[in-house]
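In these notebook entries I record what I looked up in one structure, and I define each term where I first use it.

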Amino acid sequence: MNDKNKIITGLIIFIVIITFPFWYNMGKASPVPEPKLTDKAKAAKECVEPKEYMKVEHMQILDIWRDSVVREADRVYINEKGKKFNMSLSTGDDSCMGCHSNKADFCDKCHDYASVRPYCWDCHIEPPKEKK
Amino acid sequence: MKNSRRSFLKLAGISALGLGAKPVLNAFASSDEHGPEIFPNQEALTAKRWAMVIDTRKFESEEDFEPIVAACHKIHNVPKLKEKRHKIDWIWIDDFKHVFTYQEHEFLDDRVKHLPFLVLCNHCEKPACVRACPTRATFKREDGIVLMDFHRCIGCRFCMAACPYGSRSFNFRDPRPFVEEENKEFPTRMKGVVEKCNFCAERLAVGKMPACVEASNGAIVVGDLHDPDSNVRDLLKNNYTIRRKPYLGAGPAIYYIV
């Protein structure tokens, strides 16, 4: 072990460089965004399923709905409480976007934070931007 | 405990019974719960086998077809692309000799010779496009409609090569800027996706007739081919009809009264 010093210095430099992003960004993490609800969504109180379920599973619901509508032509969803819903992302006032018409504040906020880029809007037509 | 063959068999028998009973008990347990349920729309128009009859005697010139093509393309956000290679059509018109290949001859009567014919996806009984599709994006519904799930299309264009009627178009460019008037009720497509006539499945599902039927003033009729009393069967019974390229065996569901 003639080069003990060199090796240890090298190792320290290596570790500092590797961990640089962690300590450089320490304490700077942006807060978890809270999606904003439209007045219509607030008035409805509950979505298709309970809030917690929707938070975690909305993509699964969308996936099931898409297959059911496109492939089976089944378009009516009745939840556990017996409430009826028109299974559609963006068609009509009783679709997902009919209620959550604030895409920028509702969808994009969390999707941007989590760095997910769903390609729904390449084809589906976004609800018109809310007038302010 | 002394293990005999007898006691071993007893034990095995009881465990097998237990294992067999579990799914039964599960089924009983789950029948009490009320999970979410999915149903078809009650107003939906249904058929065992959808078919279309086009009465070409009710058309005279190209102008007669314009409102029909326009209605379909407007409702489905079909882009208007000028360049021929990029063109996208769900329904369009063509000459007899191109539509009914091998059925034309030199001395065809004047009316048929110069009359344009309306062409669209034939919603075949044995659709070649469905067999060619590697992702099952194109599929045949139980009621005979050959549909596309645009979400799953990867744009390989095998279906376009397979379709003997040229019913499919490919989005070589992003179609959004070329949609003149967006219909908010129907999505557009994206670049790299194949598209074609969907027999207005989205309209049938809410109890409406296909757009071309509504715009045709009775020249186009759709109905159930398997119902002997249906309007299409009535027309087929009382008129001589032809289909496109019947010798291929695809079994097209679009009939033409000539």
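**Entry 1: Where the chains pair**

I looked up A:Val76 and found that its bridge partner in S1(B) is B:Phe39. In the same way, A:Tyr77 has B:Ile38 as its bridge partner in S1(B). Helices (H or I, at least four residues) and strands (E, at least two) are DSSP runs, numbered from the N terminus. Two strands pair if DSSP finds at least two bridges between them. Strand S1 (residues 76-78) of chain A is joined to S1(B) by three bridges, and the two run antiparallel.

I noted the conventions before going on. This is a predicted model, in which local features need pLDDT of at least 70 and side-chain atom pairs count only at pLDDT 80 or more, while totals for chains, interfaces and linings use all residues. Residues are numbered from 1 along each chain as its sequence is written, and chains are lettered from A and ligands numbered from 1 in the order in which they are written.

**Entry 2: The contact between the chains**

How many residues does each chain give to the contact? I recorded 22 residues from chain B and 17 residues from chain A. Two residues are in contact if their C-beta atoms, placed from the backbone, lie within 7 Å. On the side of chain B that touches chain A, the largest share, three residues, comes from strand S1 (residues 37-39) of chain B. That side divides into eleven nonpolar, five polar and six charged residues. Here Ala, Val, Leu, Ile, Met, Phe, Trp, Tyr, Cys and Pro count as nonpolar, Asp, Glu, Lys and Arg as charged, and the others, Gly among them, as polar.

**Entry 3: A sheet within chain B**

I next traced an open sheet of four strands in chain B, with the order S9-S2-S11-S10 and mixed pairing. S9 and S10 of chain B are the edge strands, each pairing on one side only. In general, strands of a sheet pair through backbone hydrogen bonds, either parallel or antiparallel.

- S2(B) and S9(B) run antiparallel and are joined by five bridges; B:Ile54 has B:Ile220 as its bridge partner in S9(B).
- S2(B) pairs with strand S11 (residues 254-257) of chain B in the parallel sense over four bridges, and B:Asp55 stands opposite B:Ile257 in S11(B).
- Strand S10 (residues 241-242) of chain B pairs with S11(B) in the antiparallel sense over two bridges; the bridge partner of B:Ile242 in S11(B) is B:Tyr256.

Helix H9 (residues 231-238) of chain B lies across S2, S9, S10 and S11 of chain B, at about 115° to S9(B).

**Entry 4: Buried residues and cores**

A residue is buried if 20 or more other C-beta atoms lie within 10 Å of its own, exposed if 12 or fewer, and partly exposed in between, with C-beta atoms placed from the backbone. Strand S9 (residues 220-224) of chain B is mostly covered, with five of its five residues buried.

A nonpolar core is a set of buried Ala, Val, Leu, Ile, Met, Phe, Trp, Tyr and Cys residues joined through C-beta atoms within 7 Å. The largest has 57 residues, and those touching the most other members include B:Ile54 and B:Cys72. Strand S2 (residues 50-55) of chain B gives the most to this core, five residues. A second, separate core of five residues includes A:Trp65 and A:Tyr77.

Helix H2 (residues 66-75) of chain B has B:Ile68, B:Val69, B:Cys72, B:His73 and B:Ile75 as its buried residues. Their cover includes strand S3 (91-94), strand S4 (117-120) and helix H8 (211-215) of chain B.

**Entry 5: One residue of S3**

Is B:Asp94 buried or partly exposed? I found B:Asp94 partly exposed, because 13 other C-beta atoms lie within 10 Å. B:Asp94 lies in strand S3 of chain B.

Methods:
Axes fitted to C-alpha atoms, helices over the stretch in contact; angles between N-to-C directions.
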